[in-house]
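Q: Could you walk me through this one, starting with how the strands are arranged?

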Amino acid sequence: MIRLENISWKAPGFALEEISFVVPANGYGVLMGRTGSGKTSLVEIICGLRRPASGRIILGERDVTRDPPNLRGIGYVPQDGALFSTMNVRDQIGFGLRIRREDPAAISRTVDALAAEMSISHLLDRKPAGLSGGEKQRVALARALSVKPAVLLMDEPLSSLDEETQTSLIDLLQRTQKGHHVTVLHVTHSRREADALATVRLQIDQGKVTTVPAARLS
Amino acid sequence: MNRVFWITLSLICAGYLLFWALMLGSTATFTSPADIWNVLLSREIRYATALSLTTCTLAALASVVLAVPIGYLMSRARFPGRSVVDAALDIPIVLPPMVVGLCLLIFFQTRFGNAIEQVIPFTYTVAGVVLAQFVIAAAFAIRTMRGVFDHLPSRPEDVAMTLGCTRWQAVWHVTLPAARRGMFAAGSVAWARSLGEFGPVLVFAGATRMKTEVLPTSVWLAWSVGELEQGVAVSILMIALSMAVLIGIRLTGERV
């Protein structure tokens with residue numbers, strides 16, 4: 001579950017005010033809004049990369065408002081994937097597990113399984129520089145899932161991809177969310193992505209978030 | 001008209017580079033290769049060369065160690081008084097080099113400076129040569145590292161933190177490996193600056209033959225007693241070293 005209670009945050013010339021919403025456990029929340037409406041800032045607040053002025057963030061059953069990003073149990077997929085430029089795909093996917101000092105054999109098994117699931121096994125020894133946009137997002141998704149997060153936050157993960165790649169990744173996201181039992185918050189401009197994926201649809205406008213009623217989803 | 005515009009700018013650039021080529025060419029052909037070789041093999045110049053290479057390397061390493069955290073701070077952090085700190089970091093770049101040497105000399109006459117001298121003597125020593133080179137070179141290394149971090153996206157570091165890293169770990173495992181070519185460039189700039197540093201070294205460390213004589217000091221000592229061939233030979237060596245550093249920096253792809 002992702003629950004925000006009265007989250008407020010200010011930057012020069014911009015503010016998020018009293019934002020509250022819930023994405024239930026194993027739900028797929030899609031947050032839509034115009035450019036500059038604060039979608040990315042909100043994701044960063046949930047990640048712990050920005051500190052809210054007030055309010056509470058509850059992930060699962062735990063209040064993580066004061067926790068640093070590394071203790072929140074989240075997976076984060078930014079817009080461009082933000083892959084680590086010096087690591088090959090295998091090291092990227094295993095990175096979070098290595099930081100947790102997990103057994104190398106277990107890391108290797110997890111990396112192979114995620115790579116197979118994301119259809120990127122043939123890319124394991126490649127560096128990010130040579131990958132296509134869709135491949136980068138698959139690697140970023142595998143990397144985020146490697147640490148078995150309860151919550152997956154994705155900031156416009158498909159926005160820079162062509163339509164065919166978007167379609168295949170939408171299918172992958174649906175399978176991934178169900179297969180890994182994660183609660184997802186997916187930020188997008190695209191109504192198509194929202195229609196295909198959302199179980200909870202959220203709209204951000206002028207610093208406020210509203211939950212779009214189910215009757216209006218169809 | 002557009003063509004005339006670009007041709008004019010190209011001619012200005014070509015004229016400037018030609019002037020430099022003529023200066024370097026005339027220096028290189030001023031004396032014979034055999035004379036240059038003889039000078040470079042003399043005991044004093046071999047000592048000055050070895051001391052220059054050693055002190056420049058130490059000053060460059062120390063500069064990079066200082067420049068990485070300060071460059072990162074100035075690139076990524078927003079804090080009150082940041083513009084003042086930013087300007088203060090450029091002071092060694094704009095200060096006349098002789099003044100930097102004088103400041104060092106006076107600082108080590110204070111009670112605090114004297115206390116440091118009891119542990120490591122700096123004034124008129126080889127350690128002083130390194131310190132005089134370092135105080136200037138570090139400012140250039142900091143400026144370079146700041147530019148490097150400005151061009152590196154911070155998002156991978158954010159992702160690393162969500163994957164379980166502390167900020168220290170994220171910088172260590174993700175950002176610094178991505179900045180390694182920039183660190184090499186910063187070190188090279190610091191090394192090249194240190195190689196040419198004359199004023200602060202002369203004032204603070206002196207110009208004692210076979211003790212604190214570095215290559216720029218050799219040029220000055222030769223020139224002051226009228227041994228122009230010796231000065232030219234050392235200058236050619238320094239030009240060659242500087243060119244090698246320039247090529248090295250260009251190979252990293254960094255612009256400084």
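**Sheets, cores and contacts**

A: In this predicted model, six strands of chain A make up an open sheet with mixed pairing, in the order 6-7-8-3-9-10; strands here are DSSP runs (E, at least two residues) and helices likewise (H or I, at least four), numbered from the N terminus, and two strands pair if DSSP finds at least two bridges between them.

Q: Which are the edge strands?
A: Strand 6 (74-77) and strand 10 (208-212) of chain A, each of which pairs on one side only.

Q: Before we go on, what are the numbering and the confidence limits?
A: Residues are numbered from 1 along each chain as its sequence is written, while chains are lettered from A and ligands numbered from 1 in the order in which they are written. As the model is predicted, local features need pLDDT of at least 70 and side-chain atom pairs count only at pLDDT 80 or more, whereas totals for chains, interfaces and linings use all residues.

Q: OK, back to strand 6 of chain A: what does it pair with, and which residues are buried?
A: Four bridges join strand 6 of chain A to strand 7 (residues 151-155) of chain A, and the two run parallel; within that pairing, Leu153(A) is the bridge partner of Tyr76(A). Both faces of strand 6 are covered, with Ile74(A) and Tyr76(A) buried on one side and Gly75(A) and Val77(A) buried on the other.

Q: What about the four-strand sheet?
A: Its order is 2-1-4-5 in chain A, it is open, and the pairing is antiparallel; the edges are strand 2 (14-23) and strand 5 (62-63). Strand 1 (residues 2-11) of chain A is linked to strand 4 (residues 54-59) of chain A by five bridges, with Ser8(A) opposite Ser54(A).

Q: Which residues of the largest nonpolar core touch the most other members?
A: Of its 72 residues, these are Val30(A), Ile46(A), Ala142(A), Val151(A) and Leu153(A), where a nonpolar core is a set of buried Ala, Val, Leu, Ile, Met, Phe, Trp, Tyr and Cys residues joined through C-beta atoms within 7 Å. Helix 4 (residues 133-145) of chain A gives the most to this core, with six residues.

Q: What is Ile46(A) in contact with?
A: Leaving aside neighbours within four places in sequence, Ile46(A) is in contact with Ile2(A), Ile57(A), Leu153(A) and Leu185(A), a contact being two residues whose C-beta atoms, placed from the backbone, lie within 7 Å.

Q: Switching topic, how many residues of chain A are in contact with chain B?
A: 18 residues of chain A are in contact with 15 residues of chain B, and the elements giving two or more residues to that side of chain A are strand 6 and helix 2 (89-99).

Q: Last one, on chain B: which residues of helix 13 are buried, and what covers them?
A: In helix 13 (residues 215-224) of chain B, the buried residues are Leu215(B), Pro216(B), Thr217(B), Ser218(B), Val219(B) and Ala222(B). What covers them includes helix 3 (43-76), helix 11 (180-196), helix 12 (199-205) and helix 14 (228-252) of chain B.

Key
A residue is buried if 20 or more other C-beta atoms lie within 10 Å of its own, exposed if 12 or fewer, and partly exposed in between; C-beta atoms are placed from the backbone.
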